[in-house]
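Dear colleague,

Please find below the structure I am handing over to you, with its sequence. My notes on what was found in it follow directly after.

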Amino acid sequence: MELFYYLVFGGFGAVVLALELSKTSRDRISNTPTDFNSFKNNYLLVYSLMMAGDWLQGPYVYYLYSQYGYGKGEIGQLFIAGFGSSMLFGTIVGSLADKQGRKRACVTYCITYILSCFTKHFPHYKVLMLGRVLGGIATSLLFSAFESWLVAEHNKRGFEQQWLSLTFSKAIFLGNGLVAILAGLFGNLLVDTFSLGPVAPFDAAACFLAIGIAVILSSWTENYGDPSENKDLLTQFKGAAIAIASDEKIALLGAIQSLFEGSMYTFVFLWTPALSPNDEEIPHGFIFATFMLASMLGSSIASRLMARSSLKVESYMQIVFAISAAALFIPVGTNFLVPPSNVKGGSISFSGCIQLVGFCAFEACVGIFWPSIMKMRSQYIPEEARSTIMNFFRIPLNIFVCVVLYNILFFSFLKVNAFPIIVMFGMCSIFLFVASILQRRLMKIADTQTSKPQDWMGHKERQLEAEPLNA
C-alpha cells in the first residue's frame, strides 16, 4: 500500500488524538451528575450497538448481490427499492413512533433489520427485494426513533439542555466513527480471514441488534409524542405539515437537512469511481477507515464548539456547509486543471490524491454536521410530532437519492463515466452552498425570534376545530 494512504490516515489519527487529549474545561461539558452520566452511557451503548448492526452490513451489500450473480441493473433496482421503501413505508412506520411509543419503535427497528439480515441467506431476487424494503423501513426508524426517544427522555428527567450536546457529540464520535472502523475490520475478519462468506457480516449484525433489544427492553422507559387516541395517522401527518408550514425555522431546518444528506448519500456512491476513473487499484477498506477517522475529527471539533454556550450552532454551521461545498467541488476543479491520465490500472493518480484529501475534509464536515443538526432539531421540532416531522424531512432526501441512483445506472449502461460524475459533484456542491445560505437565514431568525416549539400546536388545534364549521 502506498505511503500516501498511511500519511493521510496517520495525520488524521494524530489530530484526533491531540484534540481529545488537549481538551480543557472550556472545551468540555464537565461536572455532570451521576444519574445523567448513567443515562448518557446507557444510550451510547445502545446507539453503538445499533450502528454496529448498520455498519457491518454496508460494505458487503453490493458484494453479496454480485456473488449471487446479479448485474449492475438488478443491484441498482434493489438499492432504489431500499430508498423508496424508506420514503414510503418508513415514513408511515416512523411516524407511528410518536403515537405508539418511541421505545417500541426502537425495538421494531431491531426486529425489522434482523429480518432484513435473514433474507440475505437466500439468492432469490424477490426475497432480496423484501430484505431491501425491510431495510428501508429500518433506516427511517434508526434516524428518527432513537433521537426522539433520547430528547424526550432527557427533558422528562429534567436534565439541562446543554448536556444534550454532550450525548449527541459522543454518539457520533462512537457510533459514526469508532464503531464504523471496528465494524469494517470485524467484517473483513469474518469474510477474508475466517472465510465465512459475504453473509457472515449480516449474521454478526443481527447478533448485535439482538443484544440491543435486550438492553432496550431491560433499561429503557417508554415515551410518546402525542398519544391521543382520537388522532389517526392522517391527522398526525396534517399536524406535522402545519408545523412545518407555520414555522419558518422548522421548514429551513428540513431543507438544510435534505440538501446536506442528499449530497452526503450521493458522495457515498461517487467516491470510488472518482478516485479510480481508470480502474486504479485503491484500498477501499483503508480509505473507508480514513473517512471514518475524519468523521471522528469532525465530531471532536463539534463537541468543543457545542461546549461553549456563547457560540451558537446556527452560526458555525454556515461555515461548515461552505467548506463542504468547496470540498465536493474539488473533483470538478481537478477535472479541468489537472491533466487526466489515460493509463489503465496502476496506483492512485495525482488528481486522485488531491480529491482524497478533499473527501476527508468533507467527512470531517459530516462529523460536525450530525451532532449539530441533532442539537438544532432538539430546539426547533415540537415534541408532539418529533418522529413524524423528522421522517417528513427524509422524503425529499430519498427522492433525490433514487434519482441519482437511476442516473448512475443510466449512464453506466451508456458507458459514459466521467461526465455524469463531474456533473453530480457540481450539483452536490451547489446544494451545499444553498444549505449555507439557508443556514444563515435560520441564524438571523433565531437571533431575532425566541424559539417557541409549542406555538404550532395552538395553531393546529384552532385549524382542526374550525374544519367542521367550514364544511
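This is a predicted model: local features need pLDDT of at least 70, side-chain atom pairs count only at pLDDT 80 or more; totals for chains, interfaces and linings use all residues.

Leaving aside neighbours within four places in sequence, Gly135 is in contact with Tyr113 and Ser116, where contact means heavy atoms within 4.5 Å. Gly135 belongs to helix α6 (residues 125–142); helices (H or I, at least four residues) and strands (E, at least two) are DSSP runs, numbered from the N terminus. With a relative accessibility of 11%, Gly135 counts as buried. Buried means under 20% relative accessible area, exposed over 50% and partly exposed in between, with a 1.4 Å probe and protein chains only. Between the C-alpha atoms of Gly135 and Ser85 the separation is 8.1 Å in space, and the two are 50 residues apart in sequence.

Residues are numbered from 1 along each chain as its sequence is written, and side-chain values use heavy atoms, with hydrogens and water left out.

The chain as a whole

The chain contains 17 helices and 0 strands. A compact globule of 471 residues would have a radius of gyration near 23 Å, and the 22 Å of the chain agrees with this. That radius is taken over C-alpha atoms, and the globule rule is 2.2 Å times the number of residues to the power 0.38. The C-alpha trace spans about 70 × 50 × 45 Å along its principal axes. Of the 471 residues, 56% are buried. Among contacts between residues at least 6 apart in sequence, 89% join residues at least 24 apart.

The accessible surface of the chain is about 20,000 Å², and carbon and sulfur atoms account for 66% of that surface. Accessible areas come from the Shrake-Rupley method with a 1.4 Å probe; for residues, only the protein chains shown count as cover. There are 33 positive and 31 negative side chains, and the centres of these two sets lie 3 Å apart. Lys and Arg count as positive and Asp and Glu as negative, while His and the chain ends are not counted. The place of a charge is taken as NZ of Lys, CZ of Arg, CG of Asp or CD of Glu.

Helix α7 (residues 145–156) has 12 residues and reaches 16 Å from its first C-alpha to its last, close to the 16 Å expected at 1.5 Å a residue. The expected span is 1.5 Å times one less than the number of residues in the helix. Since 10 of the 12 residues of α7 are buried, the helix is largely enclosed by the rest of the structure. Among these buried residues are Phe146, Glu147, Trp149, Glu153 and His154. Gly158, which follows α7, has a positive phi near 75 degrees.

Individual residues

Arg394 in helix α15 (residues 386–413) is buried, with a relative accessible area of 4%. Not counting residues up to four places away in sequence, Arg394 touches Ser86, Thr139, Ser140, Phe143, Gln257, Glu261 and Tyr265. Glu261 is placed in helix α11 (residues 248–275) and counts as buried at 1% relative accessibility. Beyond its neighbours within four places in sequence, Glu261 is in contact with Phe369, Trp370, Arg377, Arg394 and Leu397.

Glu20, in helix α1 (residues 3–21), is partly exposed, with a relative accessible area of 22%.

Gly358 lies in helix α14 (residues 350–380) and is buried at 4% relative accessible area. Gly358 and Ile330 are 28 residues apart in sequence and 6.6 Å apart, C-alpha to C-alpha.

Finally, Ser195 sits in the loop between α8 (161–193) and α9 (200–219) and counts as exposed at 57% relative accessibility. Its phi is positive, near 55 degrees, in a residue other than glycine. Most residues other than glycine have a negative phi.

With kind regards
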